[in-house]
Amino acid sequence: MNLRVIAIDDEPLALQLIKGYIQKTPFLELVNTFDNPLDAMEFLAHEQVDLLFLDIHMPDLSGTEFTRTLTSPPKIIFTTAYEKYALEGFKLNAVDYLLKPFSYEEFLKAAIKAQNMFNLEHQAHTQIEANNEYLFIKSEYKIRRINFDNILYIEGLKDYIKVHVQNEAKPILSLNSLKALDAKLPEDLFMRVHRSYIVNLAKIETIERNRIVFGKVYIPVSDQYKEKFQEFLDKNFL
């Protein structure tokens with residue numbers, strides 16, 4: 001399982017070093033690098049990222065301050081020349097902490113630690129069974145059968161998913177990942193349109209300003225999924 005990775009560091013040489021380390025590591029996929037966290041914030045709002053290598057000591061907005069602005073942050077490995085920030089980094093549930101200058105061996109150990117965490121979570125989140133008409137999913141110590149026809153959309157949180165079902169006041173909450181569920185759903189019925197949302201294509205009735213409307217809920221279509229969603233529209237709408 002490859003991890004989608006970005007790196008943020010305001011020092012060009014440090015950023016170049018981390019970029020090279022990522023590119024030589026087989027299970028890491030470098031999707032972007034940034035020299036300031038504000039540009040990265042915009043990117044994370046629209047793209048799925050699994051792991052972030054993040055410098056702490058940066059002007060305007062530190063790495064730890066940046067982390068606190070994220071509602072659903074990816075896993076983070078902090079990188080810094082200042083050892084005094086280590087404790088603060090771990091309080092933010094960082095995977096690891098790399099003290100500059102660090103070797104590729106140190107980098108690789110931290111990356112493997114992140115990969116192992118993802119593998120364990122993936123095993124925990126694959127407790128989903130599905131066929132062409134319905135899926136079984138664990139929720140609140142029960143196993144629920146949910147017919148595809150009843151699903152409006154599915155919302156992904158950090159470690160949970162919410163399955164929003166028509167005629168039910170509350171969504172069905174389950175300890176699973178949106179990625180694991182997406183792999184189980186039939187592609188002709190469901191489409192991921194955002195890092196946090198999968199929609200039932202048959203339930204779409206209104207689209208407003210590139211947002212799918214379900215009652216009072218507006219689901220954005222992010223740049224990563226716009227082309228695929230537009231293909232669906234071109235095929236099915238006049």
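Where does Thr25 lie? Thr25 sits in the loop between helix H1 (12-23) and S2; helices (H or I, at least four residues) and strands (E, at least two) are DSSP runs, numbered from the N terminus. Before going on, a word on the model: it is predicted, so to speak of local features takes a pLDDT of at least 70, side-chain atom pairs count only at pLDDT 80 or more, and totals for chains, interfaces and linings use all residues. Residues are numbered from 1 along each chain as its sequence is written, and side-chain values use heavy atoms, with hydrogens and water left out.

**Around Thr25**

Thr25 is buried, with a relative accessible area of 1%. Buried means under 20% relative accessible area, exposed means over 50%, and partly exposed is in between (1.4 Å probe, protein chains only). The side chain of Thr25 reaches the backbone oxygen of Tyr21 at 2.7 Å, and a polar contact of 3.0 Å joins the side chains of Thr25 and Tyr104. A polar contact here is a pair of N or O atoms within 3.5 Å; within protein, one must be able to donate a hydrogen and the other to accept it, and residues adjacent in sequence count only if both atoms are side-chain atoms. Leaving aside residues up to four places away in sequence, Thr25 touches Tyr104, Phe107 and Leu108, where contact means heavy atoms within 4.5 Å.

**The whole protein**

Stepping back, the protein has 7 helices and 16 strands. Of its 238 residues, 45% count as buried. Among contacts between residues at least 6 apart in sequence, 52% join residues at least 24 apart. The protein exposes about 13,400 Å², and carbon and sulfur atoms supply 50% of it. Accessible areas come from the Shrake-Rupley method with a 1.4 Å probe; for residues, only the protein chains shown count as cover.

Helix H2 covers residues 37-44, and its buried residues are Pro37, Ala40, Phe43 and Leu44. Seen down the axis of H2, these fall within an arc of 110 degrees, so they line one face of the helix; the arc is that of the directions from the helix axis to the C-beta atoms. What covers them includes strand S1 (3-8), strand S2 (28-34) and helix H3 (63-69). The face turned away from the buried side carries the exposed residues Leu38 and Glu42. Leu38 has a relative accessible area of 51%, so it counts as exposed. At the start of H2, a side-chain oxygen of Asn36 comes to within 3.1 Å of the backbone nitrogen of Leu38. Leu38 and Ile8 are 30 residues apart along the chain, and their C-alpha atoms are separated by 10.0 Å.

**Salt bridges**

Side chains of opposite charge can pair when their charged atoms come close. How many salt bridges does the structure hold? There are 9, a salt bridge being a side-chain nitrogen of Lys or Arg within 4 Å of a carboxyl oxygen of Asp or Glu. Here are some of them:

| Pair | N to O distance |
|---|---|
| Arg4 and Glu47 | 3.9 Å |
| Arg211 and Glu208 | 3.7 Å |
| Asp223 and Lys226 | 3.0 Å |

The salt bridge of Arg4 and Glu47 links distant parts of the chain: Arg4 is in strand S1, while Glu47 is in the loop between H2 and strand S3 (51-55), 43 residues apart. Glu47 is buried, at 15% relative accessible area. Asp223 and Lys226, by contrast, both lie in helix H7 (residues 223-236), 3 residues apart, about one turn of the helix. Elsewhere, Asp9, Glu11, Asp55 and Lys100 are linked in a network of salt bridges.

Most residues other than glycine have a negative phi, and most peptide bonds are trans. Which peptide bond is cis? The one from Lys100 to Pro101, with omega near -10 degrees. Pro101 lies in the loop between strand S5 (96-99) and helix H5 (104-124). Asn167 has a positive phi, near 70 degrees, and is found in the loop between strand S10 (161-165) and S11. Asn167 is exposed, with a relative accessible area of 80%. Asn210 has a positive phi too, near 65 degrees, and is found in the loop between strand S14 (206-208) and strand S15 (211-214).
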